[in-house]
Amino acid sequence: MDSLSHLISGFGVALQPFNILLAAGGVGVGTFVGMLPGIGPINAIAILIPVTFASGMPAESALILLVGIYYGSQYGNSISTILLNVPGTASAVVTAIDGHAMTREGRGGEALAISAVASFVGGTLSILGLVLFAPLLASWAIRFGPAEYFALMVFAFSALSSFAGASISRALASTAFGLWLATVGLDPNSAIPRYTFGQIHLLDGMDFVVVTIGLFAVSEVFQLLEESDAGQAAASMTGRVAISLRDLAANGWTMIRGSVIGFLVGVLPGAGGTIASFLAYSAEERVAGSTGRFGRGDPRGVAGPESANNAAANGALIPLLTLGVPGSGTTAVLLGALLGLGVTPGPLLLEQEPDLFWGLAASMYVGNAFLLLMNLPLVGVFVRALTIPRWLLIPGVSALAFVAVYAVNTSAFDLVLMTLFGVVGYLMRKFDFPLAPVVLGLVLGPLMEKNLRRAIALSGGDWSVLFDSPIAITLWGLALASLMAPVLLRRWTNDLPGVDAPDLGES
Amino acid sequence: MLVLTGVATALEAWTFNVAFMTDPVGPKALPLLVAGALVVAGARLMARPRSTVQLPDTGPARRMMLAAAAFISYGLVLPWLGFFLSTTIVVGVLGVLFGGPRVGSAVAGAGLSAVLWLLFVMVLSLPLPIGALWIR
C-alpha cells in the first residue's frame, strides 16, 4: 500500500514534539470556539492566520494548528448543544433534538460521552477516507485545464448557494458581492486599478482576513448586543461523562453508517456537516423503525449526526487539498491561509508537498486522540468555560480580532475597513443574505478570473471552450443539478420532528 | 417592509451601475459576469419582496451604534494613543455595553491589553503601535 507508507512517513512529521503541541492546542482552541457562542471556527481560524504567518512556523505546522481548530470545533459544538440546547453551528442542530432530550432526562453525561466517541469514530474513519481518496482524486484532477477549473468553481458556488438555506437569489447576490470584492485592487494582468475609489489602501485589494473577521466576528458582536439577555444559563452537569462498553457497542453500526454518510456528503462542495447530520439522523430513524425513541432522547440520535458531521468536516478537506476548491466558508478561509503560506493546493500538492499532506493527515489522528481525551475526562473544564460572562468574553475576543486584523498589514486603516464589513455583515444577516458565499467568492475570485482568462486566451477568444470537454460539461451539469438538490432534499428530510430545514451555510 | 427590500435592491442597483463602468477588455470579463449575477439576483428579489425585517429596539440599537463608534474610533486612534491605551478603552467600553460592571470592564481591558502586548510583541515579535503621542 503506497498510501500507507506515505502515512507512516507523515507520522514522522506529526509526531515532532512541536507539531504534537500544535495539534493539541488547535483542537483545544477548536473545542472552545465550537462550544462558545459568538466565536465559531471561521473566526478563530481567521484570527490565528496572521499569528501563524508572523511566527514564521513552517507551512505544515501552521496547517496542523488551523485544521485542528477546524475539526476540533465539531466536537465542542456538541457540548453546548447537548447541555444548553444552543447549537453553535447549523451542523449541530439535529444533535440538539435527542442530545438535549437526554440531558433533560438526566442522561447528559451519557450523551456527551456518546457524542465524543461518535465524533472520534467519524473523525478517524474519515481520515482513512481522506488518505485513500485524495490521491485518487488528485490523479484524476491532474487532467483539468483552465476551462474545467472554471466550471468546477462555478459548481462550488452553486452548491454552496443552494445549500446555504436562504433563497438562491440571495445566495447569488452574496456570491457576486464576494467576487466583486475580489476584483478590488490592481488587476493582476493589466495593473489597472479597479474599484479602489481613489484609496491608496485599496490598491493591494481586500485582505480576506480583514473581510472575514469583519463579516463574521464584528457582525456577531453587533448581533449579540441586540439580544437583550446579557448572561446565559449556567450549564448544569448531570451524571458522569461515561458510558458502558455495551451501550457503546449498541451504537457501533450507527456511528459507522454516520461516518460513511458524512464522509460522502462532505466531499461534495457546499453540502458539508449540516446536510450530513440531517441525512444521518433520518437514516438512523429509518433503520431503527419502531424500536427508536427518536426525539425523546435516543442515543442513536446523537451518535449518528455527530459521527456524520465530523466525517463531513474531514471529507471537505479533500476538494480543498486536491482540487484547491473549497466548498464552505471555513474551508475557503483555510484556502486563503494555504495560499498565504505559499502552498498552492491542487492535484500536484501530494507530489510536491508530501510532508504537508501526509503530515497533516497523520496529525489529524493525533488530534482526534487528544479530542477524545479532552472530551471524556476533561469535559468538566470546558463546561465551566460556558459560565464565562459575556461582558468578559466578547470584548476579549474583539481585542484578539483587532490585533489579528492589525497584524495583517500593520495598518490601522484595515481596522476601519473591518468595522465597515461588520456593519455590512450585520445588515446581511438581518436581510437573510448568507455570509459564507462572500468569503468563498473573495478567496476564489482571483483564481476564477485567472482560469477564465487563461481558458479564453488559449482558445483565441472563443467562449465556447468553457463547454468543450466532457469533464467541463459534467461539472456544468452538476452545478445545475446542485441548484435543484435542496428541493429534493427538503422533501426527504421534512419528516424530521420539529426541525426546520437547515439554515446558515457556516458549518 | 417593501421600502426596506427596496433599499436593499437599490443598494445593489448602485453596485451594478458601478460594475458596468469598468476598464478595457481584459479586466472587464469577471466584473461583468458579477454585474450580470447581481442584476439577476436583484431583479428576482425585486419580483418577490420578502416580508418584515425586525429592527432592533432603541436600547440595543443605541448600544450597537456605540459599539460601532468604538470600533471605528479604535482604528483611528490606535496610531496615536498606542495599543495599550486604545485597547484598554475599547475593551472597557465593550464590556460595559455588554452589561459588565464598570470597574471590572476597565480592569479586564487593562489586563487583556497587557497580556496581548506580551504575547504578540514579546513572544511573536509582531509590531504593535506604541503610539506616536508618547514617542515625541
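At what angle do the axes of helix H1 (residues 2-14) and helix H17 (residues 354-375) of chain A cross? Hold on to that one for a moment.

First, a word on what we are looking at. This is a predicted model, where local features need pLDDT of at least 70, side-chain atom pairs count only at pLDDT 80 or more, and totals for chains, interfaces and linings use all residues. Residues are numbered from 1 along each chain as its sequence is written, while chains are lettered from A and ligands numbered from 1 in the order in which they are written.

Now the overall picture. Chain A has 22 helices and two strands; these are DSSP runs numbered from the N terminus, with helices (H or I) of at least four residues and strands (E) of at least two. Of its 507 residues, 62% are buried, meaning that 20 or more other C-beta atoms, placed from the backbone, lie within 10 Å of the residue's own.

Back to our question. The axes of H1(A) and H17(A) cross at roughly 75° and come within 7 Å. Axes here are lines fitted to C-alpha atoms, for helices over the stretch in contact, and angles run from 0 to 180 degrees between N-to-C directions. The two helices are therefore roughly perpendicular, a label for angles of 65 to 115 degrees. Among the residues that meet are A:Phe11 in H1(A) and A:Trp358 in H17(A).

Compare another pair. Helix H4 (residues 59-84) and helix H13 (residues 300-315) of chain A pack at about 165°, with axes 9 Å apart. That makes H4(A) and H13(A) roughly antiparallel, the word for angles over 145 degrees. On the H4(A) side, the contact includes A:Tyr70 and A:Tyr71, and on the H13(A) side, A:Asn309 and A:Asn310. Being in contact means that two C-beta atoms, placed from the backbone, lie within 7 Å.

A:Asn310 leads us to A:Phe263. The C-alpha atoms of these two are 8.3 Å apart, although 47 residues separate them in sequence. A:Phe263 sits in helix H11 (residues 252-267) of chain A. Is A:Phe263 buried or exposed? Buried, because 28 other C-beta atoms lie within 10 Å. Leaving aside neighbours within four places in sequence, its contacts include A:Ser126 and A:Ala311.

Finally, what does A:Val405 touch, leaving aside its neighbours within four places in sequence? Its contacts there are A:Val209, A:Val210, A:Ile213, A:Asp414, A:Leu415 and A:Met418.

Definitions and conventions
A residue is buried if 20 or more other C-beta atoms lie within 10 Å of its own, exposed if 12 or fewer, and partly exposed in between; C-beta atoms are placed from the backbone. Angles under 35 degrees count as roughly parallel, over 145 as roughly antiparallel, 65 to 115 as roughly perpendicular and the rest as oblique.
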